[in-house]
Amino acid sequence: YSDILGYDDIPADFSIPETVSYQGKEYTVAGIGCNAFSGEKQLRSLRIPETVRIIGDNAFSECTSLQSIEFSEGLTELGTKVFFSCSSLESVKLPQSLIKIGDLPFCRCRSLVSVEFPQRVDEIHSLFFSDCTELKSIVLPQGLKVLDFQCLGGLTELEEVFLPEGLEMIHSGILFIIHLELKNFRFLLGL
């Protein structure tokens, strides 16, 4: 198995390969390394194959032209700031295989209008959606137990959050931030 640490001449529409060859040997791509594609301004769409299990910290941060991502089932972990400041990213459908998501994964994704969560994610960390100024509605996963501090900060257009019935803890800072920034807002328990 191998991690991709970067790539030469990335096309605007890019599929991470399932395998790579190195010195005559073929390796299955199981991860995308930290900072591997950070700042790749020309990247417009991305496909992640089912062989990739982990995407490292900052792997696609500041890919400002990135509009869409297609995840395959198999991904289990997203690192910190994975898609930080991908300002053109519009929607994300995370795979059901995903279990762990680091801090600030979509912070400053200012075009983001929708995120579909896998049901197994049990904690959403700090600043998860911070400054995603176009998000209007969030449906949180049914398996969610903890909603962390400031994960909803800077969401000036947010109108509603659907909370799962099994939610055990909401850090108090969330309610304070929402109260200060939003005029028309409601929490809805269960779906």
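1. In which sense do strand β13 (residues 137-139) and β15 pair, and over how many bridges? They pair in the parallel sense, over three bridges; two strands count as paired if DSSP finds at least two bridges between them. Within this pairing, S137 has E160 of β15 as its bridge partner.

2. Some ground rules for reading the rest. This is a predicted model, in which local features need pLDDT of at least 70 and side-chain atom pairs count only at pLDDT 80 or more, while totals for chains, interfaces and linings use all residues. Residues are numbered from 1 along each chain as its sequence is written, and side-chain values use heavy atoms, with hydrogens and water left out.

3. Overall make-up. Of its 191 residues, 46% are buried, where buried means under 20% relative accessible area, exposed over 50%, and partly exposed in between (1.4 Å probe, protein chains only). The chain exposes about 9,400 Å², and carbon and sulfur atoms supply 46% of that area. Accessible areas come from the Shrake-Rupley method with a 1.4 Å probe, and for residues only the protein chains shown count as cover. Among contacts (heavy atoms within 4.5 Å) between residues at least 6 apart in sequence, 35% join residues at least 24 apart.

4. The largest nonpolar core. A nonpolar core is a set of buried Ala, Val, Leu, Ile, Met, Phe, Trp, Tyr and Cys residues joined through side-chain atoms within 4.5 Å. The largest one here holds 51 residues, and I16, I55, F60 and F83 touch the most other members. The elements giving two or more residues to this core are β4 (25-32), β5 (45-48), β7 (68-71) and β15 (160-163). Leaving out residues up to four places away in sequence, F83 touches L46, F60, S61, L66, I69, F71, L78, L89, P105, F106, C107 and C109.

5. Strand β15. In a regular strand the side chains alternate between the two faces of the sheet. For β15 both faces are covered: E160 and F162 are buried on one side, and V161 and L163 are buried on the other.

6. The three-stranded sheet. Strands in the order β2-β5-β7 form an open sheet with parallel pairing. β2 (13-15) and β7 stand at the edges with a single partner strand each, so one side of each has no neighbour in the sheet. Neighbouring strands are turned by 10° against each other on average, direction ignored; axes are lines fitted to C-alpha atoms, for helices over the stretch in contact, and angles run from 0 to 180 degrees between N-to-C directions.

7. β2 and β5 pair in the parallel sense over three bridges. D13 stands opposite S45 in β5, and S15 has R47 as its bridge partner there. β5 and β7 pair in the parallel sense over four bridges. R47 also has a bridge partner in β7, namely E70.

8. Cysteines. A search of the whole structure finds zero disulfides, a disulfide being a pair of cysteine sulfur atoms within 2.5 Å. C86 is in no disulfide, and the nearest cysteine sulfur, that of C63, is 5.1 Å away. Is C86 buried or exposed? C86 counts as buried, at 0% relative accessibility. C34, by contrast, is partly exposed, with a relative accessible area of 48%.

9. N58 has a phi near 60°, a positive value in a residue other than glycine. N58 lies in the loop between β6 (54-55) and β7 and is partly exposed, with a relative accessible area of 21%. S85 also has a positive phi near 60°. S85 lies in the loop between β8 (77-78) and β9 (91-93) and counts as buried at 17% relative accessibility.

10. A loop glycine. G153 is found in the loop between β14 (146-147) and β15 and is buried, with a relative accessible area of 8%. G153 and C107 are 46 residues apart in sequence and 9.5 Å apart in space, C-alpha to C-alpha. C107 is one of the residues that F83 touches.
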